[in-house]
Amino acid sequence: MSAPILVFDLDGTLVDTAPDLLDSLNHCLRTVEVPEVDPVEIRRFIGSGSRVMISRAFAAHGRPLEERELDSLQALFLEHYAAGMPGQSKPFPGVLETLSRFREAGFIAAVCTNKLEDLSRGLLEALQIAGRFEAICGADTFDHRKPDPRHVLDTIDRAGGDPERALMVGDSRADIDAAKAAGIPVVAVDFGYTDRPVREFEPSRVISHFDELTVELVEHLFDSMA
């Protein structure tokens, strides 16, 4: 019998990776003499993978970027990022306790991220929490990625979860739109990586700390979708 499942985004939801993403992004920008991204602004660049991050940084300075140069910079970014994991990245407060709380209640967990699968798995292994997830699915795991709902649904299937009792937890419009299109409730964290307040995207619920993600809340959201 399939188990109820929580599907988590990774960057900005489970793990605060901003310092290391910023470090790798600025490493790339220095090689082509594009101004570095200020730490205060990094959250508006993150959320759709390294390729989009680099493109947004170029666009912010009105700098044209050809596909071949983007390919080269992305390769440099990935090499630098992978070599430094886990760096300063760490789970957000309350994440580990939440995973344990739901495991005890009979839930399983999975990761559905637009980060590449190998990088996602490597980061979670370096943080010694990969074993808490039945599936870790990245941008290249399937032929589609968030906001495509198939990314979420295929992650649920790979983890052995029940799509009728599944909930997405994320920090971006891509997470929220994917969950809605998949027909499952979505809880958005308001401390993640987005340039607009997540409430604007109308998730099922917004939380400011993982302590607020209770079994009772999730069961209520399941009932409301029934």
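Is Q128 buried or exposed in this predicted model? Q128 is exposed, with a relative accessible area of 72%, and the views below place this residue beside other parts of the predicted structure.

View 1. The predicted model contains eight helices and eight strands. Its radius of gyration is 17 Å, close to the 17 Å that the globule rule gives for 226 residues, so the protein is as compact as a globular protein of that length. Along the principal axes, the C-alpha trace spans about 55 × 35 × 30 Å, and buried residues make up 51% of the 226 residues. Of the contacts with a separation of 6 or more, 65% are between residues 24 or more positions apart.

**View 2. The largest nonpolar core and the surroundings of F133.** In soluble globular proteins, nonpolar side chains tend to be buried together. The largest nonpolar core here has 54 residues, and those with the most contacts inside it are F8, L25, I42, L124, F133, F210 and L213. Helix α1, residues 18-31, gives this core its largest share, which is six residues. When residues up to four places away in sequence are not counted, F133 touches F8, L14, L99, A109, A110, V111 and L124. A second, separate core has 24 residues, including A135, I156, A159 and A179.

**View 3. G170 in strand β6.** G170 belongs to strand β6, residues 161-170, and it counts as buried because its relative accessibility is 1%, below the 20% limit for a buried residue. Although G170 and G12 are 158 residues apart along the chain, their C-alpha atoms are separated by 7.8 Å. With neighbours within four places in sequence left aside, G170 is in contact with D9, T13, D175, V187, A188 and V189.

**View 4. Helix α7 and what covers it.** In helix α7, residues 173-182, the buried residues are A174, D175, I176, A178, A179 and A182. The cover over the buried residues of this helix includes α6 (149-159), β6 and β7 (186-189). After α7 comes G183, whose phi is positive, near 80°.

**View 5. V215 in helix α8.** V215 is found in helix α8, residues 215-225, and it counts as buried at 18% relative accessibility. Its contacts, leaving aside neighbours within four places in sequence, are with R101, F102, A105 and F107. From V215 to I129, which is 86 residues away in sequence, the C-alpha to C-alpha distance is 21 Å.

View 6. Most residues other than glycine have a negative phi, and most peptide bonds are trans. The peptide bond from M85 to P86 is cis, with omega near 0°, and P86 is found in the loop between α3 (67-84) and β3 (90-91). Another cis peptide bond joins K146 and P147, where omega is about 15°, and P147 lies in the loop between β5 (135-137) and α6. E33, a residue other than glycine, has a positive phi near 55°; E33 sits in the loop between α1 and α2 (50-60) and is exposed, with a relative accessible area of 73%. Q128, which is not a glycine, has a positive phi of about 65°, and Q128 lies in the loop between α5 (117-126) and β5.

Terms used:
Residues numbered from 1 in each chain as written. Predicted model: local features only at pLDDT ≥ 70, side-chain atom pairs only at ≥ 80, totals over all residues. Heavy atoms only, no water. Helix = DSSP H or I, 4+ residues; strand = E, 2+ residues; numbered from the N terminus. Rg over C-alpha atoms; globule rule 2.2 N^0.38 Å. Buried < 20%, exposed > 50% of the residue type's maximum accessible area, 1.4 Å probe, protein only. Contact = heavy atoms within 4.5 Å. Core = buried A, V, L, I, M, F, W, Y, C linked by side-chain atoms within 4.5 Å.
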